[in-house]
Amino acid sequence: MDIARIISKSMEAGATMALIRTGNASPEISQRKAEKIYGKWFTDAVKRGRLTPCRTGEGAHGTRWFSVNEILAYELTEITRAEVIFK
């Protein structure tokens with residue numbers, strides 16, 4: 001099991017949540033920005049319905065906003081689950 005990877009992602013999630021709670025980062029991220037930051041696994045998770053927008057902008061092509069907390073929690077869950085399955 002790659003404990004270092006799990007610890008690293010846990011620390012990243014904790015630091016991000018601290019920034020959000022202190023008002024230094026937004027609790028939401030647009031789909032476009034999330035795809036740039038998190039890459040293919042994020043896009044795949046949205047397509048499979050694992051991650052859903054917490055709000056959608058107005059109009060037919062409104063911006064889809066996702067919860068950063070949900071994204072990080074899902075990522076950590078997937079990493080942990082993958083490590084357990086491959087063990």
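**Salt bridges in the predicted model**

In this predicted model, a network of salt bridges links Lys-9, Glu-12 and Glu-75. Lys-9 has a relative accessible area of 23% and is partly exposed. Glu-12 is likewise partly exposed, at 33%.

The search of the whole structure returned four salt bridges. Among them is a pair within helix H3 (residues 40-47), formed by Lys-40 and Asp-44. The N to O distance for this pair is 2.8 Å. Lys-40 and Asp-44 are four residues apart, again about one turn of the helix. Lys-40 counts as exposed because its relative accessible area, 60%, is over the 50% cut-off. Asp-44, with a relative accessibility of 22%, is partly exposed.

A further salt bridge joins the side chains of Glu-28 and Arg-55, at an N to O distance of 2.7 Å. This pair connects distant parts of the chain, the two residues being 27 residues apart. Glu-28 lies in strand S1 (residues 28-30), and Arg-55 lies in strand S2 (residues 55-56). The relative accessible area of Glu-28 is 23%, which makes the residue partly exposed. Arg-55 is also partly exposed, with a value of 41%.

How values were computed:
Residues are numbered from 1 along each chain as its sequence is written. This is a predicted model: local features need pLDDT of at least 70, side-chain atom pairs count only at pLDDT 80 or more; totals for chains, interfaces and linings use all residues. Side-chain values use heavy atoms; hydrogens and water are left out. Buried means under 20% relative accessible area, exposed over 50%, partly exposed in between (1.4 Å probe, protein chains only).
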